[in-house]
Amino acid sequence: MGRLVKNIILQHWAGPMNELVEKSTASIKSYAESIGAEYEFLRGVVYRPDVAHKMDYPCQKLIYLDEKYDEYDYVVMVDADMFVSVNCNQNIFTDDIGIGRHTSIQTGLRKNLAGLYPNLGSVNAPYFGGSVFRLSREVRQAFRSQLTDEILLSFARRYHDEGVMHALAHKCGMKHNDDGVYLNGQMWNYSSFEPDVDKANFIHIRTKVTPKGPKREKIENYRELVKRGLIAE
């Protein structure tokens, strides 16, 4: 018999629990179970407690690089305001090959980061949106081998985990146009306001009602998608 594949989906939340986080974690946990993956919900300071006071909370999501997860073939980290669409019929571990998502928003962020941190960033290296990461053991270990306190603390208050992951991809020699770097379009992170959100696998609840606004509380946009039958309550 071959070795049993082990995958895990993580979510992290640092603030007080609220209805949206409770429903998101229930949705993602249920999805993990449906595809035979493990699930863990992490709270508060879980990564580098020695310097956690110097970092904003999004940096805590970098726990996915920790060696304690080396037993897993793949680790997926999903934001705590993401939901599985009722139309999702794909397995994020086996039906995609990318690490993270990239849109024109990330292109702009990368350009700014490379200008501010020329020694750590590059417009030719991948830049991933932080809402969903899909990381093989090989990538996690390679990134961890390049991670220094300089990189971590450079992005502790700005660009956060996205900045760190960009710098690590750059240090590892990854290029923006490499095959298998990015996830398939928006499938694993459709913003809730997108007009074709019904095509999503994962839906990211945002404050905007439409792409140009207005804005309202995220929980209201969640309830609207439940009412439309796109998210199971």
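Lys208 lies over the face of Phe193, and the distance to the ring centre is 5.5 Å in this predicted model.

**Aromatic rings**

Searching the whole structure gives ten aromatic pairs. One of them is formed by Tyr69 and Tyr72, a tilted pair with 6.2 Å from centre to centre and 45 degrees between the planes. Tyr69 has a relative accessibility of 2% and therefore counts as buried.

Another of the pairs is made by Phe128 and Tyr182, with an edge-to-face arrangement, 5.7 Å from centre to centre and 65 degrees between the planes. This pair links distant parts of the chain, since its two residues are 54 residues apart. Phe128 belongs to the loop between helix H2 (104-116) and strand S6, while Tyr182 belongs to the loop between helix H5 (160-171) and strand S7 (190-191). Phe128 has 0% relative accessibility and counts as buried. Tyr182, at 18% relative accessibility, also counts as buried, because the limit for that word is under 20%. Ring pairs join Phe128 and Tyr182 with Tyr64 and Phe133 into a cluster.

The two pairs described above are set out here.

| Aromatic pair | Centre to centre | Angle between planes | Arrangement |
|---|---|---|---|
| Tyr69 and Tyr72 | 6.2 Å | 45 degrees | tilted |
| Phe128 and Tyr182 | 5.7 Å | 65 degrees | edge-to-face |

Strands of a sheet pair through backbone hydrogen bonds, either parallel or antiparallel. In this structure, five strands form an open sheet in the order S2-S1-S3-S6-S5, and the pairing is mixed. Strand S2 (38-43) and strand S5 (100-101) are at the edges and have a single partner strand each, so one side of each has no neighbour in the sheet.

The pairing can be followed across the sheet from S2. S1 and S2 run parallel and are joined by six bridges. Strand S1 (residues 7-13) is also parallel to S3, with four bridges between them. Leu10 has a bridge partner on both sides: Glu40 in S2 and Met77 in S3. S3 and strand S6 (residues 129-136) run antiparallel and are joined by five bridges. Here Met77 stands opposite Phe133 in S6, and Phe133 is also one of the residues of the ring cluster.

How many residues of strand S3 are buried? Four of the five residues of S3 (residues 74-78) are, so the strand is largely enclosed by the rest of the structure. Helix H3 (residues 137-146) lies across S3 and S6, and runs at about 110 degrees to S6.

**The sheet of three strands**

Another open sheet has three strands in the order S4-S8-S7, again with mixed pairing. Its edge strands are strand S4 (82-84) and S7, each of which pairs on one side only. Three bridges join S4 and S8 in the antiparallel sense. Among these strands' residues, Met82 has His204 of S8 as its bridge partner. Helix H1 (residues 19-34) packs on this sheet and touches S4 and S8, with its direction at about 40 degrees to that of S4.

His204 is located in strand S8 (residues 202-204). Its relative accessibility is 6%, so His204 counts as buried. Which side chain joins that of His204 in a polar contact of 2.9 Å? The side chain of Asp81 does. A polar contact of 3.2 Å joins the side chains of His204 and Asn189.

Asn189 is in the loop between H5 and S7. With a relative accessible area of 1%, Asn189 is buried. The side chain of Asn189 also makes a polar contact of 2.3 Å with the side chain of Ser131.

Setting aside neighbours within four places in sequence, the contacts of His204 include Asp79, Asp81, Met82, Ser131 and Asn189.

Methods. Residues numbered from 1 in each chain as written. Predicted model: local features only at pLDDT ≥ 70, side-chain atom pairs only at ≥ 80, totals over all residues. Heavy atoms only, no water. Buried < 20%, exposed > 50% of the residue type's maximum accessible area, 1.4 Å probe, protein only. Pairing = 2+ DSSP bridges. Phe/Tyr/Trp six-rings, centres within 6.5 Å; stacked < 30°, edge-to-face > 60°. Lys NZ or Arg CZ within 6 Å of the ring centre and 35° of its normal. Polar contact = N/O pair within 3.5 Å; in protein donor to acceptor, adjacent residues only side chain to side chain. Contact = heavy atoms within 4.5 Å. Axes fitted to C-alpha atoms, helices over the stretch in contact; angles between N-to-C directions.
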